[in-house]
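Hello,

I am passing on the structure we talked about, so please open it below before you read on. My notes on what was found in it follow.

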Amino acid sequence: MNKAISVSKITKSFPGVLANSDINLEINEGTIHAIVGENGAGKSTLMKILYGMVKPDSGDIAIFDNKTVLNSPKDAIDSGLGMVHQHFMLADNLTVLESVILGIDKATFKNINLKRYTSEITEVINKYNLNIDLNKNIDELGVGEKQRVEILKVLFRGAKILILDEPTAVLVPQEVDELFNNLRDLKNNGVTIIFISHKLDEVLEIAEDISVMRGGIMVNTVSADGISKKDLAEMMIGKSLPKPPKRQSSISTSEILSIENLSAVNENGKKVFENISFKLNSSEILGIAGVEGNGQREIVEAIIGIHNYETGTIKLENNTIDDFSIRERLNLGISFIPEDRQAQALIMDMSLTNNVILGRQSLAKYKTKLTTVNLTNAAKASESVVENFDVKTPNTGTIATALSGGNQQKYVVGRELEDNPTLLIASQPTRGIDIGAQALIWEKLRNTRDEGLGVLLISADLEELIGLSDRIVVIYQGQFVAELQPEEITPEILGSYMTGLKK
Ligand SMILES: Nc1ncnc2c1ncn2[C@@H]1O[C@H](COP(=O)(O)OP(=O)(O)O)[C@@H](O)[C@H]1O
Ligand SMILES: [Mg+2]
């Protein structure tokens, strides 16, 4: 078989991390080749090297047997290689057609030959069976459609090799199916696909060859035929698998959170959620399922006091908290794991110990008579989080950046559980982390739930939502459209409520 890509002895280090160590990899032309590995294994770094975004310290790359030095993405594109990033890079106010053309050549929209482009792009759409309407605006598109536009952009630039970095992380199951159909069509038309994921079911479904990375090393490349999920997982984490979650519900009758008829609009006067009512008891995990952007974020922000609501009432235990400040709400025992650990939960260049105090400065244990905080207690709390949550770090003086994503997240979750909260709001508590860290966080959430904690869980990971929740509500276009029992549903069923197919 011809090689689309040959990577030989690629090494790349960042300060304190060997992200890629002596990597060898061969990708056969016209195949779908998956690369799996825990978060931090070095997958994205290797892909960015292939795409000319990151320069390796040493090693060689050949694309279609030509040894190539890639100094920029432009070099990669010229060699026939394109990449679809996890975070889309589309401007909301353009049409699909404009988005695809944008940056193609120096033409401006005035002198560009739109007719010619339209027919050329339509040809690509038809050839690969992509379901895309060129006249729509980007802001009218769902996540799956946006992803197809990104793929179209890359194909239209002549890519023969397509890199997709964790493309399914943002999709519901139905959209994953559609993506996979697209990928198969691409492959049948001779396109080589490199598919990055840490979801083993997906990889086994779509790929012919699977390369496993761990800790910057290429562990092995195997054929998808005849390899089990268990074997792959063991290669990935280097030890036996964590046990799948087992639900044992023990919801108590004491009410922790009560929300009645909550409605809110955004700054443009558009409704973000409407008539939301629900109750959450002690020792209960209530899952909120919804495609991103359907109002779940704003509901969480309303509970914490960041987002205004026009009507409705929020009660936390015996307190009606509508007029409470954010600080007062947190001091009543609300803890919050935000969806983006780096942007919202941690100050990345501060030590773990300083990060433990974030949002808690006014707690008695951190207060001193002076204007400073009680660093002895902060250090103690930090030590305790590191120990209880198995956070891998040289010490608690280490800055947050130096930790892998999984360890950062364990630290955040540990911090939020450290002071015995009454209510925990957990947004995407295990997004993008390795299965080891994920299993630990699941276990901790379940244990603290059993001890009486009420948890509001927002997650795009439907297996997680179903596995952890005692009850699930589905939000669609700002309204709760269904309440489901986790043991009675599958991710597919949940997906059809989330996309409005099922009511
Ligand atoms: N620009 C960077 N600066 C410093 N460290 C980085 C950078 N990019 C990646 N790393 C580190 O390199 C390692 C591999 O990261 P990455 O390639 O993103 O892994 P993966 O995509 O498998 O999750 C991680 O420890 C990560 O923190
Ligand atoms: Mg990555």
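Strand β17 (residues 423-427) runs parallel to β16, and four bridges join the two; strands are said to pair if DSSP finds at least two bridges between them, and helices (H or I, at least four residues) and strands (E, at least two) are DSSP runs numbered from the N terminus. One of the partners is Ala426 of β17, which is bridged to Ile337. Strand β16 (residues 334-337) is covered on both faces, with Ile334 and Phe336 buried on one side and Ser335 and Ile337 buried on the other, where buried means that 20 or more other C-beta atoms, placed from the backbone, lie within 10 Å of the residue's own.

Please keep in mind that this is a predicted model, in which local features need pLDDT of at least 70 and side-chain atom pairs count only at pLDDT 80 or more, while totals for chains, interfaces and linings use all residues. Residues are numbered from 1 along each chain as its sequence is written, and chains are lettered from A and ligands numbered from 1 in the order in which they are written.

The domain assignment, which is automatic or from a database, gives domain 1 (3-237) and domain 2 (255-498), and their C-alpha centres lie 32 Å apart. Across the boundary, 10 residues of domain 1 are in contact with 15 residues of domain 2, contact being counted if the C-beta atoms, placed from the backbone, lie within 7 Å. On the side of domain 1 that touches domain 2, α6 (173-188) and α8 (229-237) each supply at least two residues.

Around ligand 1, helix α1 (43-50) gives the most to the shell, with three residues.

Best wishes

Terms used
Contact = placed C-beta atoms within 7 Å. Buried ≥ 20, exposed ≤ 12 C-beta atoms within 10 Å, placed from the backbone.
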